[in-house]
Amino acid sequence: MDGLPGGSTSVTRVIKAGWLDKNPPQGSYIYQKRWVRLDADYLRYFDSNKDAYSKRFVAVACISRVAATGDQKFEVITHNRTFSFRAESDVERKEWMQALQQAVAEQRARARLSGTYPLGARGLEQPDHAGSLELRGFKNKLYVAVVGDKVQLYKNLEEYHLGIGITFIDMSVGNVKEADRRSFDLTTPYHIFSFSADSEPEKEQWLEAMQGAIAEALSTSEVAERIWAAAPNRSCADCGAAQPDWASINLCVVMCKRCAGEHRGLGAGVSKVRSLKMDRKVWTETLIQLFLHLGNGAGNRFWAANVPPSEALQPSSSPGARRRHLEAKYREGKYRRYHPLFGNQEELDKALCAAVTTTDLAETQALLGCGAAVSCFSGDPEAPTPLALAEQAGQTLQMEFLRNNQGTGVPRPDSTLPLEKHYSVVLPTVSHSGFLYKTASVAKPLQDRRAREEFSRRWCVLSDGVLSYYETERTVTPNGEIRASEIVCLAVPPPDTHGFEHTFEVYTEGERLYLFGLESAELAHEWVTCIAKAFVPPLAEDLLARDFERLGRLPYKAGLSLQRAQEGWFCLAASELHAVFPEGPCEEPLQLRKLQELSVQGDNENQVLVLVERRRTLYIQGERRLDFVGWLAAIQKAAASLGDTLSEQQLGDSDIPVIVYRCVDYITQYGLTSEGIYRKCGQTSKTQRLLESLRQDARSVRLKEGEQHVDDVSSALKRFLRDLPDGLFTRAQRLAWLEASETEEEEEKVSRYRELLLRLPPVNRATVKALISHLYCVQCFSDTNQMNTHNLAIVFGPTLFQTDGQDYKAGRVVEDLINHYVLVFNVDKEELRKQREEVTAIVKMRVAGTASGTQHAGDFICTVYLEEKKAETEQHVKIPASMTAEELTLEILDRRNVGVREKDYWTCFEVNEREEAERPLHYSEKVLPILHGLGMDSHLVVKKHQSMEAMLLYLASRVGDTKHGMMKFREDRSLLGLGLPSGGFHDRYFILNSSCLRLYKEVRSQRPWSGAPETSHRPEKEWPVKSLKVYLGVKKKLRPPTCWGFTVVHETERHEKQQWYLCCDTQMELREWFAAFLFVQHDGLVWPSERSRASRAVPEVRLGSVALIPLRGSENEMRRSVAAFTADPLSLLRNV
Ligand SMILES: [Zn+2]
């Protein structure tokens, strides 16, 4: 009948239960039938055996005597109350009395064992919360106590003191709910207790206490039960309180909650406190065994060998008495049993080394407690420490004991200071403790300053991967805790951000933000370092060495792994973003001020931070909102200009400030032919506004034709240069430059300039070069813009040297630099040629008016995708006029760090979404004209050309250079503007030779010996093959008869576009036709030679995947390979 919830756990095992008659206390003669139950701690009676909650309970500890009276009756006598029961028979009465007497005797023995149990006093636990409450159904207020995992109901305070109550509620099945105002319900499956407190704040306290009891009840008591299996472990090692559910894992003793609080106050160096019920992970089988072998019995035989009665603790001892006792007991070792070797370190250590190889754990305990060094040198290099010796001897309990005692101090009398360590030992986990000031955690980023008053002082302990914070250093139950494994980010705001000088923020996976503060920079730094160590894995521990302002993990995509986001470790230090990725080598940090692009893409829900550096692109995903927002702001701030000097600007590729190249690029594209460029002034207000936004974040400014006038841009650039605090040529060197301009001998002057150039800071040097290179281009167009070198020098001399222009020396320097541009800056001829070509192309396009408005003007940037079109694969590439498709492809692969492997035919495709067709660009095609011809529904994508290998094989093996055969044909008449229905696809015969593609309506006859059918002499249509653009694919709307089609575009001399659709029967045919087109259009050069790509290829491990036919070298070589392969397939393999 003990399956009831209020009934038994194995700890409170029912000793006896049954029906008894009980007389009512008022002395009435009417006996009432009651179900009576006795366990180790309580005697209870119920209305029936079905009831969960008793009518009355009596603590066994309060029973002073059990006596037989007449008529099978017996009395249970407490201090001032007597309960009378009548059994059915004498035998039964005898059984009840024996059971009760035994329970009382055991209870007293337990109390005596702890030496702290004065006869007659109650051994009950101190309540967590107690007081008066109204309970519906009771006329008078009850006295309610929350004790551990139980809520006890008493008629009044007096009965509480007597240990006689109504009932208690096991909170493992309890639930508390707020009702209105002062009321709340404690609900169990058997009854609803409706309480009313005196006030709302009191109600809050009750709710909190009862919730605490639920938490305690829910935490498994399995560990406690196992540890309590050893009798001495059933009462507190220090004060004797019953059912101690806390433990010190290094001292190997079990204690009550109150004593545990004082243990914690001793510090983890003396006692490592853990809960038997809550710290479940700590309790390994080995540790439990250790507690069964040592535990409170052995512990007190050593630590409490000489306790004077006056200094003994009791369950009811005051906190002060407890603290004094525990400090004397464990910190000073005042009551311990001295080991005979005490004081002789060498002998103690030797004895320890001997003891750990045996099963004598008590000896090890005594030696360690008397000063033997847990990490002393054993003298055996094979097993240099006691731990290693224990391991060698297979003594797992000794090992566990030694491990738990690593890092703990030896008791020293009179020591009140924290113990310093005698030996440096590597702690298995980071631990740290001390006071921190903490604000309530929030789910939003901290927008404003937190005042000092908003912080509360908390005792914080970082141990075993958990950061716990307590009300005081003596509190046992933490107010809360943060698991290191849940920490995603640690940020250090600049000093004085909040009411405390030094603060740090901890972000968790559950999107909470905790703010901690301290006065001392050193202490704050210590905490930050310890927390960082606790949550950063060894893989990323290099990051800890940085003086970071933000550290944590974030989902990212980069390089080859774009499909799946992975978690990487990042740390932001100054303007560098360091990253450690789970795969792949350690990367160079991203220089945030030198990024080509920094943008946030995606919608609010799904933000992605895109960082583009020259060779790589990194996508950081905003999966968790809270820490992402923090990272975003910090990265944006770190990427911004720091101030007004040149080196503090956002920098581009070659150390040129973004602000400078934005303007220079814009002028290059739109201003080269503008009359009086740089001499004419822009509108002051517009210039100022532009300069302001450039100074704020030049990277995000897109100069657009039509929105900015070239003169506004040129004026902004001049103003920027003129306002530089130190000037472009620096204050220190300005005079030297001006003096150099007076050198008579030209050669000497040039070398003097070169010398001076080298002395400039790198950013200034790069800027001077970029600017002069630009001015050099400007003067090339002096025919149209009227700005020759001299005119430019008049404008730029005073600007760059920040002079008033009275003296021409400054102008002369600029004039000299432009004139001797090639010599002074050591410009490569090839570089110069390319630059000229590019500029010429730009000007030509401007003149022809073909530069479309679809690109961002001013930077000639085009968007290219990798593998497929989506935001994450976007790359913004600056396209010089000379850039080929091959160069573009490699640029994209380089940026994304994609290694080119053999048989990876990476190609740039022009994709026309409207036509549902794509064209792989020939490697030698120039990209810029294609870019300008692209419509709104077209884009460029770099991906592997899947058919290239098959095409090369076909070309290598075919005989003759012509291709002919049947294909299905359809003409797009609507393009011709006729608007006629264009009909379906029809069979046609095609012949492709080195100059044209011919179409024949019908095939007249077949010549069996040639394989080529004879066609009618006159083709129905004929097109010059080199002017055709061949796209793979035919749009579905046209209902192509097969999916192996291509779209052919022919642009006539009159710029009319004609479009045809051709369909093959098989994929192989399609490939052959396409290969034949490429072959004819590009004079047989279908794929670049190996050389240009060889240097970029990554070595590939090719186990078991030997290429049968090496597809390398010229067309002829391949033909030979194929021929050889056909003749003897094994011959090739022998050479591989
Ligand atoms: Zn205690």
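Helix 14 spans residues 625-639, and its 15 residues reach 21 Å from the first C-alpha to the last, close to the 21 Å expected at 1.5 Å a residue; the expected span is 1.5 Å times one less than the number of residues. Helices here are DSSP runs (H or I, at least four residues) numbered from the N terminus. The model is predicted: local features need pLDDT of at least 70 and side-chain atom pairs count only at pLDDT 80 or more, while totals for chains, interfaces and linings use all residues. Residues are numbered from 1 along each chain as its sequence is written, and side-chain values use heavy atoms, with hydrogens and water left out.

Among the buried residues of helix 14 are F628, W631 and I635; buried means under 20% relative accessible area with a 1.4 Å probe, protein chains only.

Two nonpolar cores are tabulated below; such a core is a set of buried Ala, Val, Leu, Ile, Met, Phe, Trp, Tyr and Cys residues joined through side-chain atoms within 4.5 Å.

| Core | Residues in core | Members include |
|---|---|---|
| Largest | 68 residues | Y678, W737, F796 and L817 |
| Second, separate | 37 residues | A351, A373, C376 and L387 |

The zinc ion is coordinated by the SG atoms of C236, C239, C256 and C259 at 2.2 to 2.4 Å; donors are N, O and S atoms within 2.8 Å of the metal (3.2 Å for Na, K and Ca). Because the donor atoms subtend angles of 102 to 116°, the arrangement is tetrahedral, a class requiring four donors with all angles between 85 and 135 degrees. Along the chain, the donors follow the spacing C-x2-C-x16-C-x2-C. C236 and C239 are both buried.

Notes. Four donors count as tetrahedral if all angles lie between 85 and 135 degrees; four count as square planar and six as octahedral if opposite donors are over 155 degrees apart and all others between 65 and 115; anything else is irregular. Buried means under 20% relative accessible area, exposed over 50%, partly exposed in between (1.4 Å probe, protein chains only). Helices (H or I, at least four residues) and strands (E, at least two) are DSSP runs, numbered from the N terminus.
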